[in-house]
Amino acid sequence: MQEFDLLVVGGGPGGYVAAIRAAQRGLSVGVVEKERPGGVCLNWGCIPTKAMLRSAEVYETVLHAADFGVQVEGVALDYDTVRRRKDSVVKGLTDGVAGLLKSNGVTVINGHARFTGPTTVDVYPTGEPPLGADGPRYAAEPSGAAFEQVRAKDVIIATGSVPVQLPIEGADLPGVITSDGAFGLTEVPKRIAIVGGSAVGAEWASLFATLGSEVSIIEMQKTLVPAEDAEVGKALGRSFSKRGIKVLTEATVSKIEQAKSGLKVTVDGAKAQQIDADVVLIGVGRKPNTAHLDLDKTGVGVDERGFIQVDDKLRTNVEHVYAIGDVTGKALLAHVASHQGVVAAETIAGQHAAIDYNVIPAATFTHPEIASVGLTEEQATAAGHEIVTAKFPFAALGRAQTYGDTEGFLKIVAGKKYGEVLGVHIIGPSASDLITEGALAIALEATLDELAETIHAHPTLGEVGMEAAMAALGLPIHVAPPRKR
Ligand SMILES: Cc1cc2nc3c(=O)[nH]c(=O)nc-3n(C[C@H](O)[C@H](O)[C@H](O)COP(=O)(O)OP(=O)(O)OC[C@H]3O[C@@H](n4cnc5c(N)ncnc54)[C@H](O)[C@@H]3O)c2cc1C
């Protein structure tokens, strides 16, 4: 039997970060991982999608190179190379994680863990899936005589999440895939219908539209990316429509049928219709990945959806058992999983640490990009804040003009009396990088004055936050002043 101070079940961005931090604190640490190091994020989520979106961005730029005075002939997309590049980026990063675990003295056990008690597991060998596999192997039930027993003083459960299967007629037809299955497509689909307009669905829609697919996206809520500020969601819908994507909001898919050529998708709602597609990608919702984990042997409490309940130190209701990442259902984001991992590891190592969920930036890598932190206008009002809001358009920034990418805006939400920044919402170029200033502003309880008075380098996209703060103070420089009544 192998024994450790800490056993981490799952080697995603939650698990591997927790393991490294615990090892740095002097604990002996084991990680059980049934697939490849890096979890969904590195293998089937954040990284491969962004690698492919980068190919799309390069393709788009080259297609419009003439606008910049650069003549290019014979531009063509080579989807095999797009996929190979994605695999090579993934391999570089997952090898890097394996190397980091090794250099920190963490023991990695390749296999599927099943709990036999709160801090004991049996590990069934699985073998790594090949690079470029079209998703993790969720259903495989581990069994057999060859297993290894592992015991630890403390355990962190970091098994992540898996896509929800929608109970739609025809959801099991060939050609109907989840986000994982999209990595298995060997060519760009001619026509693709995407069910679900949140971050995952919207990113795939943006990617395939740029690569030349005829894309439809169907979202149940009023706007795409419904977790975002409504103005941002509306702006993305308009932008997608301009790019030729068919955007159907307040619409649900009730049926998918095999047609003579491809699939027929029945959409209900105000714009009820049938859509023809070669591929239907279902990108709605995720559930905790606890299948074949024998979680009941630990006694940990779960909520009504099966997510493991934890406190601000990531402790479950069972002593010595912690949970982090998607499996806790707090915010299904890689950076939240990693931060939770650090807090859990520090707590186990006897250090003081606790997590605060009030400042969580999130980014969606569509074109145009989206990022936000803090309260939306609707949330701030519902929470009883008296607020002031302002938007500053990228079109009014010199840097955006030189880039040739002027779509979108930054919207700031602040308290009316003191001007404390409550939320920042961006749609436009480099939104995912620009949001860090908003996160820092909220974390440090910065005010509109402080943002406006901080000198920002010129010409940069970063000026957008400073200019929005000035606008919220009623003193905009680079847009027309508010009309006097
Ligand atoms: C298409 C897509 C795009 C995304 N893009 C982003 C993004 O841009 N930014 C962002 O922040 N987030 C993004 N996410 C979400 C992000 O991937 C997750 O929030 C993150 O991976 C969660 O990390 P985790 O460590 O909790 O779990 P995971 O990454 O899911 O890792 C869990 C690991 O546990 C292993 N495991 C499970 N059960 C067992 C078992 N019984 N025994 C052994 N091992 C086990 C799994 O194999 C897996 O490797 C995206 C997700 C998807 C699907």
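Author: Let's start with a term: buried means under 20% relative accessible area, exposed means over 50%, and partly exposed lies in between (1.4 Å probe, protein chains only). This is a predicted model, where local features need pLDDT of at least 70, side-chain atom pairs count only at pLDDT 80 or more, and totals for chains, interfaces and linings use all residues. Residues are numbered from 1 along each chain as its sequence is written, and side-chain values use heavy atoms, with hydrogens and water left out.

Reader: Is cysteine 46 buried, partly exposed or exposed?

Author: Cysteine 46 has a relative accessible area of 26%. Partly exposed covers values between the buried limit of under 20% and the exposed limit of over 50%, so cysteine 46 is partly exposed.

Reader: Which cysteine forms a disulfide with cysteine 46?

Author: A disulfide is counted here as a pair of cysteine sulfur atoms within 2.5 Å. The structure holds one. The sulfur atoms in this pair are 2.3 Å apart, and the partner of cysteine 46 is cysteine 41.

Reader: Is cysteine 41 buried or exposed?

Author: The relative accessible area of cysteine 41 is 12%. Because buried means under 20%, cysteine 41 is buried.

Reader: Which residues does glycine 201 touch?

Author: Glycine 201 is buried, with a relative accessible area of 0%. Contact means heavy atoms within 4.5 Å. Not counting residues up to four places away in sequence, glycine 201 touches Ile194, Gly196 and Ile217.
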